[in-house]
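Keep the viewer open and follow along.

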Amino acid sequence: MASLLIHSSIPPSIARTQSLFSRQNNLFDFKYRHKLPKRRTPLISISATGEQVSDSDPSPSSFSGFQFPDPSKADAIKSLKFKLLSAVSGLNRGLAASEEDLQKADSAAKEIEAFVGPVDLSCDLEKLQGRWKLIYSSAFSSRTLGGSRPGPPTGRLLPITLGQVFQRIDILSKDFDNIVELELGAPWPLQPIEVTATLAHKFEIIGTSTIKIIFEKTTVKTTGNLSQLPPLEIPQLPEQFRPSTNRGSGDFDVTYLDSDLRVTRGDRGELRVFVVS
């Protein structure tokens, strides 16, 4: 859209006004022909009364009820975690622990338990979710897989060698599986047999930090050269055949829990340390 300015007969002020309208009309015509998007409403508007918009920081009162993390406490927890992990490292999950090692690990665990305070699983239940690797159990110092309970012996000259131990927890289905990798000795010249035993449980929360597990079944699957064999499922014994002292259940307390470390104490006092896997 063209505009015509007659400079000889129109005062300069009026000419400038007409020139401004001409530019606005040209801009409108350009937007209409090219279908430009509409301008967004500005995030900050200035009122006609001349009020100034402050660019200063928000007042502390706007953060009422919000607690900023204490960096000194986070650093202290990090140091205590490192101390505990150092105390249990090199002990072959507790199988090689001496009495002095047991005391050192227990002392380091008590320090972080006392500093952080009791665990509340009603708030931190989602942190249980996932697969956890056992890196230490004080019960393994008895040199049996059962720890303080009866169990097959372990050792270099004995037929069973303990591999990695995991716990797989699903907070939605309430599944709680203990997964144990084992190597079963075989007479020469046969190769050892590698198996993975999965002890399936259901779990429930008791109080704020106690977990009760109820045994359901055991599944044994060969690995390595015999991995093609189907798994063997060993169901739970019928109620009338189970010993009165062992109903296939147990409970333990979660004494420390975060996104990558979990510390528990069993119903017979055994200390266990897990890291997320």
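## Overall make-up

Of the 277 residues in the protein chain, 29% count as buried, where buried means under 20% relative accessible area, exposed means over 50%, and partly exposed is in between (1.4 Å probe, protein chains only). This is a predicted model, so local features need pLDDT of at least 70 and side-chain atom pairs count only at pLDDT 80 or more, while totals for chains, interfaces and linings use all residues. Residues are numbered from 1 along each chain as its sequence is written, and side-chain values use heavy atoms, with hydrogens and water left out.

The protein chain has 4 helices and 9 strands; these are DSSP runs numbered from the N terminus, with helices being H or I of at least four residues and strands E of at least two. Reading from the N terminus, the order is α-α-α-α-β-β-β-β-β-β-β-β-β. Among contacts with a separation of 6 or more, 53% come from residues 24 or more positions apart, a contact being heavy atoms within 4.5 Å.

Helix H3 covers residues 99-116, and its 18 residues should span 26 Å at 1.5 Å a residue, which agrees with the 26 Å between its end C-alpha atoms. The expected span is 1.5 Å times one less than the number of residues. Which residues of H3 are buried? They are Leu102, Ala105, Ala108, Ala109, Ile112 and Glu113. They cover an arc of only 135 degrees around the axis, which puts them on the same side of H3; the arc is taken from the directions from the helix axis to the C-beta atoms. An α-helix has 3.6 residues a turn, so residues three or four places apart point the same way.

The face turned away from that buried side carries the exposed residues Glu99, Glu100, Gln103, Lys104 and Ala114. As for what covers the buried residues of H3, the cover includes helix H2 (71-88), plus strands S1 (130-137), S7 (249-257), S8 (261-266) and S9 (271-276).

## Salt bridges

A search of the whole structure turns up 11 salt bridges, each defined as a side-chain nitrogen of Lys or Arg within 4 Å of a carboxyl oxygen of Asp or Glu. One of them pairs Lys81 with Asp258 at 2.8 Å, N to O. That pair links distant parts of the chain, with Lys81 in helix H2 and Asp258 in the loop between S7 and S8, 177 residues apart. Both Lys81 and Asp258 are buried.

Glu111 and Lys83 also meet in a salt bridge, at 2.4 Å, N to O. This pair joins helix H3 (Glu111) to helix H2 (Lys83), 28 residues apart. Glu111 is partly exposed at 31% relative accessible area, and Lys83 is partly exposed at 41%. Another bridge links Lys127 and Asp124 at 3.8 Å, N to O. Salt bridges that share partners also join Asp106, Lys110, Glu113 and Arg265 into one network.

## Backbone spots to check

Arg93 is not a glycine, yet its phi is positive at about 65 degrees. Arg93 sits in the loop between H2 and H3 and counts as buried at 12% relative accessibility. Ser137 in strand S1 is in contact with Arg93, Gly94, Leu271 and Arg272, leaving aside neighbours within four places in sequence. Ser137 counts as buried, at 1% relative accessibility.

Lys174, in the loop between S2 and S3, is another non-glycine with a positive phi of about 65 degrees. Lys174 counts as partly exposed at 30% relative accessibility. Which form does the peptide bond from Trp188 to Pro189 take, cis or trans? The bond is cis, with omega near 10 degrees, and Pro189 is found in the loop between strand S3 (175-184) and S4.
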